[in-house]
Amino acid sequence: MRIAVVGGGPGGLYAAALLKRLDPAREVTVWERNAPDDTFGFGVVLSDETLGGIEHADPVVHRALQAEFVRWDAIDVVHRGHTLSSGGHGFAALGRRRLLEILHERCRGLGVELRFRAEAPPAAELAARHDLVIAADGVHSLTRDAARDAYRPRIETHRCRYIWLAADFAFDAFRFEIAETEHGVMQLHGYPYAPPGTARHPHGASTVIVEMREEVWSSAGLDRCDETESTEACAKIFADALGGRPLRGNNSSWIAFRTVVNDRWSHGNTVLLGDAAHTAHFSIGSGTKLAVEDALALAACLEEQPDLPAALAAYETERRPVVQSTQRAARASLEWFEDLGTYLDQPPRQFAFNLLTRSRRITHDNLRLRDPGFVAAVERETGVEPGTPPMFTPLRLRGLTLRNRVVVSPMDMYSAEDGTPGDFHLVHLGARALGGAGLVMTEMVCVSPEGRITPGCAGLYEPGHETAWRRVTDFVHAQAPGAAVGVQLGHSGRKGSTRLMWDGIDQPLLEGNWPVVAPSPLPYRSGVNQVPHAPDASELAGIREQFTAAARRAADAGFDLLELHCAHGYLLSSFLSPLTNRRTDAYGGDLTARLRFPLEVFDAVREVWPDDRPMTVRISATDWAEGGTTGEDAVEIARAFAAHGADAIDVSTGQVVPEERPEYGRSYQTPYADRIRNTLGVPVIAVGAISSWDDVNSLVLAGRTDLCALARPHLYDPHWTLHAAAEQGYTGPGAPWPLPYQAGSRTPPTGRTDGPKPRLSLGAGGKS
């Protein structure tokens, strides 16, 4: 088998060494356009997991790496004169140049041909002359670009500029330092990669990355600096962190990070590896780690599978989910640093906790295991009572005090009859109120028959509806004292007159359709759903009155909180999005105009809703579609509703247009809530794949949200909140068990699985 490797970085070299070691008969050639000792950056961080894979696959390389590593377990966060240290993290790093030397030596020893200062032949030529081509040629991969139609890359350039530098001393820990300058916020990421006392680095060495928003970079004049000037400027800005020592570069320049995603990783007999296939922001330190793990997986799949196509398919199947998870974490970290300026006024320890948990890979519970003293100090600083998980702290909105931070998210049940909630709703909502949540929300309750999504949707447009809902609120208040129950009011807009979800979501009724309305005559799905009628000003006034009438009934029905549904492509949401609002009158155009009708409805509802009861607004913070609502728009939408009196913003995303491309993942919508809360200082409700109590604790303690709304976890377990309390050993007022249920407030015992423990230990001189 003839194998060509394009790119002599760690991933390409390690793949070459593994493939040659596994089959010495293979002819493996590496093309690298730079000299052997040319490299960007300085240090490389590898995890214990990656090192374990290397040890199993190639003990020779593992031993060489082990001899070079500098290890540490602390992270220091320096913010406004405070240095906050957290231990127990565990890092291992070495110089990138030394890593390449080890891999060069291993490749030569195995018989891999290394061609330095040599441009690889064109991708098609290599593919014709070799059995396998491994494209490890980085983020700017020419191999990938030569077959863009096959790989279908999507490359996103982000908002910060950064530069790789080095300092000739070893930091004591991984260090994050914040500099607030006249031009804006700058941050330093630093970590040691060589201990003192080596011939190459007698005083040790550290990687130093300086990063800032692009507008800060240009305001500071760094866009006009050469390498020497940039290095000197960064050393001056972070003089305290460096102890007055200089920095040095290595062909260093200011870079904007690019996230690379490919729809396919292979084409014919050519396969992408490392940054050519995917990138992850340096702030989670996973670029080299991912490339090395790619090499391990590719080599294993080539051994295990019967032929090359099967091997390349298995490689992608194995690695893609891991990479996607890492990229989600990296994006969360990247965006946290892009928005760093919004967190600077947090208390020092909360700021440090927020930084450490930014990627969602380190959580409250995980960090408490690593450094319990640090987490306890954060909780004291933020007012969390001893022994109380953050999720069980109370929150006050106007005259309503919620006993904990858990919300049963609105979920359409499609089980009403002519808009009237029945026994199902009583049991469904009553069970979840008994289950311990601080706030239980109804499904979207429709303000008119024509405003229903399906014939099974609940309403508040008839007097009998109010009576039926009063049955639910009375039960919650009587049988689940301390639980609050909220109503979400909405109008389906162009997404109405459809079947029950399990009969065909968003599909029109087979018979009995009613006319639908929207800001513009654009159907939800062209050729499938109705073309909606665009109401004029007088018709909009009528819809507004339907909302106020429903709000009056909701107040009389005893609801504690009212939420206005301005999300998910329903009527008010479709006024907000430029993809669905093409009006040319006062209700269409720029964002201010698109906000006009939703704000008119909000004001009208707020006027009739009791003053002591809070009112929230649910929004879609992004349409997940080109030309639609963006995160920046969402901040302005939230700002407008807050200015009109919204007590909290419930931050969801999407479901506005069918061509959306959501970036699903754990807690994937929470960064939008975080941005609104920390930009505007308004309370928010975070929602979207929040599934564990550990995530709730993390989000609340970090100050990224005030409340967490969970939907499907409450379908799986109506007593999710009480069980979360039991699993954490919490028995306080934030999660009281109903009196009839108190006998079940402890986790049920299970069968013993532990064997008898040894009682005696006899040494060599003992009796036998």
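Strand 1 (residues 2-6) and strand 2 (residues 27-32) run parallel and are joined over five bridges, two strands counting as paired if DSSP finds at least two bridges between them. Within this pair, Ile3 stands opposite Val28 in strand 2. Strand 2 is mostly covered, with five of its six residues buried. Buried means under 20% relative accessible area, exposed means over 50%, and partly exposed lies in between (1.4 Å probe, protein chains only). Helices (H or I, at least four residues) and strands (E, at least two) are DSSP runs numbered from the N terminus.

The model is predicted, so local features need pLDDT of at least 70 and side-chain atom pairs count only at pLDDT 80 or more, while totals for chains, interfaces and linings use all residues. Residues are numbered from 1 along each chain as its sequence is written, and side-chain values use heavy atoms, with hydrogens and water left out.

Strands of a sheet pair through backbone hydrogen bonds, either parallel or antiparallel.

Strand 20 (residues 439-446) and strand 21 (residues 484-490) pair in the parallel sense over six bridges, and Cys446 has Gly490 of strand 21 as its bridge partner. Strand 25 (residues 684-687) and strand 26 are joined by three bridges, again in the parallel sense; here the bridge partner of Ala686 is Cys708 in strand 26. Strand 26 also runs parallel to strand 19, with three bridges between them, and Val408 stands opposite Leu710 in strand 26. Strand 26 (residues 707-710) is covered on both faces: Leu707 and Ala709 are buried on one side, and Cys708 and Leu710 are buried on the other.

Contact means heavy atoms within 4.5 Å.

A salt bridge is a side-chain nitrogen of Lys or Arg within 4 Å of a carboxyl oxygen of Asp or Glu. Glu636 counts as partly exposed because its relative accessibility is 36%, and Arg639 is partly exposed at 39%. Elsewhere, salt bridges that share partners join Arg159, Arg213, Glu215, Glu338, Asp339, Glu632 and Arg675 into one network.

A search of the whole structure finds 49 salt bridges. One of them links the side chains of Arg115 and Glu113, at 2.8 Å from N to O. Arg115 is partly exposed at 33% relative accessibility, and Glu113 is partly exposed at 37%. Asp145 and Arg148 form another, with their closest N and O atoms 3.2 Å apart. Asp145 has a relative accessible area of 31% and so counts as partly exposed, as does Arg148 with 39%.

In helix 15 (residues 372-381), Phe374, Val375, Ala377, Val378 and Glu379 are buried. The buried residues of helix 15 pack against strand 6 (82-86), helix 13 (348-356), helix 14 (364-370) and helix 24 (693-701). After helix 15 comes Gly383, whose phi is positive, near 85 degrees. His465 lies in helix 17 (residues 463-479) and is buried, because its relative accessible area is 2%. Leaving out residues up to four places away in sequence, His465 touches Asp418, Gly419, Thr420, Gly459 and Leu460.
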